[in-house]
Amino acid sequence: MNAPIILASGSSIRQSLLRNAGLTFEAVTPRVDEESVRAALLAEDAKPRDIADALAELKATKISARHPAALVIGCDQVLDLEGELLSKPETMDQARAQLSAMRGKRHDLLSAVVICQGGRPLWRHIGMARMTVRPFSDDWLEGYLARNWPDISVSVGAYKLEAEGVRLFSRVDGDYFTVLGLPLLDLLSFLTLRGDLQQ
């Protein structure tokens, strides 16, 4: 019998991606202090990919400890802009500052996924997408913020590629699902090879 699957995330987009792929799962939001963990890792000069991986593992292991029989999927995404990590904006002013800093530049989106069972990691993967932001005007930026705030406050970098945020970019190199915050193809391949999904 296949193990039950739990997504350790409150993200509606991640839930939609798994549901659209035909997975049956339960979503449980882990209670973790992401900002404290991120700050501690940054103080130790951790690399962006290591921060994403550590946070994904933390979320998965926390839920896995309470549901040891389940396969628990933990995820995290970080945005690396020339060595600076950007977080989800808390205010429209923060979103404006982030988007202005990204204008005309390239940044990396790193999406980590870790699967735990019995409180231990079974599998991990980090997907990366390189995003080139076009040199948009201040007027367009103000209109974008007015039309999309607060919806974009839940997204690192203050954009959603599946919505008007796609207009921020002149080029995207990488997997679409990785941009959305879940390296879905790699995850599905692992679950299929394990026998949790039909071959």
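1. The largest nonpolar core in this predicted model has 23 residues, and those with the most contacts inside it are L79, L99, M102, M131, Y144, Y159 and L168. A nonpolar core here is a set of buried Ala, Val, Leu, Ile, Met, Phe, Trp, Tyr and Cys residues joined through side-chain atoms within 4.5 Å. Buried means under 20% relative accessible area, exposed over 50%, and partly exposed in between (1.4 Å probe, protein chains only). Two or more residues each come from strand 3 (71-81), helix 4 (92-102), strand 6 (120-133) and helix 5 (138-148). Helix 5 gives the largest share, 4 residues. Helices (H or I, at least four residues) and strands (E, at least two) are DSSP runs, numbered from the N terminus.

2. Apart from this core lies another, of 20 residues, with A3, L23, I73 and W123 among them.

3. L79 is in contact (heavy atoms within 4.5 Å) with E84, L85, L86, M102, H107, D108, L109, V156, G157 and Y159, leaving aside neighbours within four places in sequence.

4. The axes of helix 4 and helix 5 come within 11 Å and cross at roughly 140°. Axes are lines fitted to C-alpha atoms, for helices over the stretch in contact, and angles run from 0 to 180 degrees between N-to-C directions. Helix 4 is therefore oblique to helix 5; angles under 35 degrees count as roughly parallel, over 145 as roughly antiparallel, 65 to 115 as roughly perpendicular and the rest as oblique. From helix 4, M92, A95, R96, L99 and S100 make the contact, and from helix 5, L141, E142, Y144 and L145. These residues divide into 6 nonpolar, 1 polar and 2 charged. Ala, Val, Leu, Ile, Met, Phe, Trp, Tyr, Cys and Pro count as nonpolar, Asp, Glu, Lys and Arg as charged, and the others, Gly among them, as polar.

5. Helix 2 (residues 34-43) and helix 3 (residues 48-66) have axes that come within 10 Å and cross at roughly 145°. E34, V37, R38, L41 and L42 of helix 2 meet I51, A54, L55, L58 and K59 of helix 3. By class, this contact has 7 nonpolar, no polar and 3 charged residues.

6. Y176 lies in helix 6 (residues 176-180) and counts as partly exposed, at 40% relative accessibility. Not counting residues up to four places away in sequence, Y176 touches L161 and E162.

7. On the basis of the model: residues are numbered from 1 along each chain as its sequence is written, and side-chain values use heavy atoms, with hydrogens and water left out. The model is predicted, so local features need pLDDT of at least 70 and side-chain atom pairs count only at pLDDT 80 or more, while totals for chains, interfaces and linings use all residues.
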